[in-house]
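Okay, thanks for coming, everyone. Let me put the structure up, and then I'll talk you through it.

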Amino acid sequence: MKSISIYKHKSLAVTLQSFFQIHHKTHPTFSQSHSPNTVLDEFTASCYRKDLSSAIKALNFMQENHIWADSVTYSELVKCCLARGAIREAKLVQKHVFSNGYEPKTFLVNIFINMYVKFNMLDDARKLFDEMPERNVVSWTTMIAGFANAVLEDEAMRFLVLMVRDGVSPNTFTYSSVLKACSGLFSLRQIHCGISKAGLDSHVFVRSALIDNYSKWGELQNALVVFDEKDTRDLIVWNSVIGAFAQNSDGDEALSLFKRMKRCGLMADQATLTSVLRACTGLSLLELGRQVHVHVLKYDRDLILSNALLDMYCKCGSMEDARFEFSRMVDKDVISWSTMIIGLAQNGFSHDALETFQIMKRSGTKPNYITLLGVLFACSHAGLVDKGRLYFQSMEKFYGIKPGREHYGCMVDLLGRAGNLDEAVDLIHSMGSDPDVVTWRTLLGACKIHDNRDLAAYAAKRVLDLEPDDAGTYVLLSNVYAKTRRWEDADQVRKTMKRTNIKKEPGCSWIEVNKQIHAFMLRDNSHPEIDEIIRQLNHYAQRLKEAGYVPNTDCVLHDVEGEQMEDPLLHHSEKLAIVYGLMALTKGKTIRIKKNLRICEDCHQFAKLLANMENRYIVIRDPIRYHHFQGGVCSCGDYW
Ligand code: ZN
Ligand code: ZN
């Protein structure tokens with residue numbers, strides 16, 4: 001039997017009975033059959049039954065007759081209002097509970113605050129909070145969580161400080177909430193310090209939140225320190241640290257942590273596998289990715305994981321696997337479709353990409369910003385100028401997507417490649433916002449293809465305005481000036497480079513052999529088999545020359561320095577990697593290489609001829625696209 005709560009005010013020291021009698025006159029129908037006790041019983045029962053309308057009916061009666069239930073019963077009613085989204089009813093309950101004479105217990109006020117926070121009515125929550133005679137850790141944490149969810153980081157932080165000043169110790173939930181809102185590295189360090197002082201740094205959720213936060217600010221070493229401080233048996237913390245490295249493009253560390261995790265006897269779940277696949281994608285580790293695939297099979301219907309797998313196959317240039325995986329996916333969302341369209345386009349299968357786009361539309365999936373980027377990319381790489389122009393001009397009308405900077409970039413690429421350089425420049429000038437360095441670089445790329453030196457100089461200068469350290473563009477600009485006999489200008493550029501000590505980023509290529517990554521760089525002899533590789537390389541070059549290969553030393557618009565003659569050209573990193581692939585991989589196996597810079601014309605030609613001569617499938621992934629070399633041709637159609 002629920003008791004009637006304490007009456008604080010003298011005026012209320014009147015018996016219930018007398019109130020009831022007064023009420024009797026005004027509401028004869030309801031009260032005839034209800035004594036205060038039965039009303040209270042009915043109210044209590046309704047609250048626990050979650051019968052909102054009966055509870056409110058009884059509540060109205062109680063309100064008029066100054067009858068109160070206990071805080072636990074009210075808390076049931078408030079929870080019921082929250083679950084039903086019943087704001088109007090909630091307000092009635094609040095009015096009743098806070099009406100003259102009743103002092104709700106702190107936990108009940110907390111439940112009210114939580115309800116308003118969940119309703120996203122922070123002002124109401126705040127008002128209740130401010131009026132509380134005493135606030136406990138739950139009151140503070142509820143408010144902080146509310147601010148964190150509403151992305152009011154400053155308020156969340158301010159409340160943490162006030163809370164500590166008020167003598168209330170934050171708990172793990174407080175810290176998880178503050179960390180969620182944490183907006184800067186400085187405040188993160190402060191919070192971390194507070195957590196350590198409070199001795200809460202061994203709590204799973206706090207540790208995982210700390211790791212996530214350090215990762216968010218790119219502070220991977222700090223994330224690792226938090227992780228290594230304690231022996232970890234919880235998957236959630238492992239997932240945080242593996243995810244941290246995978247998302248920050250440090251696939252090596254992500255994979256080595258994954259191996260450590262397995263040695264500890266922990267089983268990977270969807271989140272772990274998604275991170276591991278991301279790491280494989282970043283490192284182009286197709287073989288390892290395939291092994292992970294086996295573990296993914298048991299989470300067949302996990303869309304995030306399936307999309308990560310699809311992305312891995314696309315980015316590793318294994319379109320056969322990608323197509324197979326895509327065809328057997330039961331559920332596909334806009335990310336799956338976009339991943340496939342972009343994957344096909346980047347790997348040189350533009351027509352398949354556009355066909356996939358048509359199938360996607362028929363399936364009823366609405367394309368998004370990224371999908372259309374893939375479509376324009378496909379048009380651009382297939383040289384489909386009219387089609388691309390049409391998609392670009394109609395994207396807002398048909399799909400409600402306003403062209404962004406990237407779409408303009410794709411169009412500049414499309415027009416530039418096709419030789420419509422003037423139209424490309426007009427398009428750049430018609431952009432609503434200032435063109436970024438990628439756009440100018442794209443135009444510069446088009447000028448290289450079409451050997452338009454004047455425009456190349458103009459675009460190169462725009463690139464250097466935005467990125468004054470770009471060595472490749474300086475070299476190119478000076479080469480353009482030299483070729484057009486503007487010696488003084490050429491000299492000026494060289495001097496600028498020397499004065500500001502700008503050096504070119506060295507080309508580097510990677511190849512995976514027996515699950516090991518081998519890296520190659522020009523003039524770097526650290527590979528244990530380098531002598532044999534060079535010997536083989538000379539041998540292949542000789543045989544190719546006999547078959548008609550002429551080293552291309554005249555790529556003036558392709559960032560090759562004037563003094564680089566045939567010899568270093570032959571030792572470009574991708575050539576070393578290809579030859580090592582031929583040596584180390586079993587016959588018939590695809591040679592897959594990743595490169596940090598764009599492939600030069602000479603290496604492109606070399607790869608084409610060698611793939612044909614040795615009857616090998618060679619895939620080279622550069623920062624922009626993929627080249628699939630087979631049978632003497634490349635999937636890019638010599639157009640990159
Ligand atoms: Zn090269
Ligand atoms: Zn190519």
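So, I511 sits across from H518 in β2, and V513 faces Q516 in that strand. Strands here, just so we're clear, are DSSP runs of E with at least two residues, while helices are runs of H or I with at least four, and both are numbered from the N terminus.

Before I go on, this is a predicted model, so local features need pLDDT of at least 70, side-chain atom pairs count only at pLDDT 80 or more, and totals for chains, interfaces and linings use all residues. Residues are numbered from 1 along each chain as its sequence is written, chains are lettered from A and ligands numbered from 1 in the order in which they are written, and side-chain values use heavy atoms, with hydrogens and water left out.

β1 covers residues 508-513 and pairs with β2 in the antiparallel sense, over 6 bridges; to call two strands paired, DSSP has to find at least two bridges between them. The hairpin they make has 2 residues between the strands, and N514 there takes a positive phi near 50°.

Let's zoom out. The protein chain comes to 34 helices and 6 strands. What about its overall dimensions? Its C-alpha atoms fill a box of roughly 115 × 55 × 55 Å along the principal axes.

Of the 640 residues, 51% count as buried, and buried means under 20% relative accessible area, exposed over 50%, and partly exposed in between, using a 1.4 Å probe and protein chains only. Looking at contacts (heavy atoms within 4.5 Å), and taking those with a separation of 6 or more, 64% are between residues 24 or more positions apart.

Next, a pair of asparagines. N110 is in helix α7, residues 106-118. Buried or exposed, then, for N110? Buried, at 5% relative accessibility. Setting aside residues up to four places away in sequence, N110 touches M132, N136, V138 and S139.

N136 is in the loop between α8 (122-131) and α9 (137-149), and N136 is partly exposed, with a relative accessible area of 29%. Beyond its neighbours within four places, N136 is in contact with T106, N110 and V168. For a sense of scale, the C-alpha atoms of N136 and G432 are separated by 52 Å, and these two are 296 residues apart along the chain.

D451 has phi near 55°, a positive value in a residue other than glycine. D451 lies in the loop between α27 (437-450) and α28 (453-466), and is partly exposed at 39% relative accessible area. N615 also has phi near 55°, in the loop between α34 (601-613) and β4 (618-621). With 70% relative accessibility, N615 counts as exposed.
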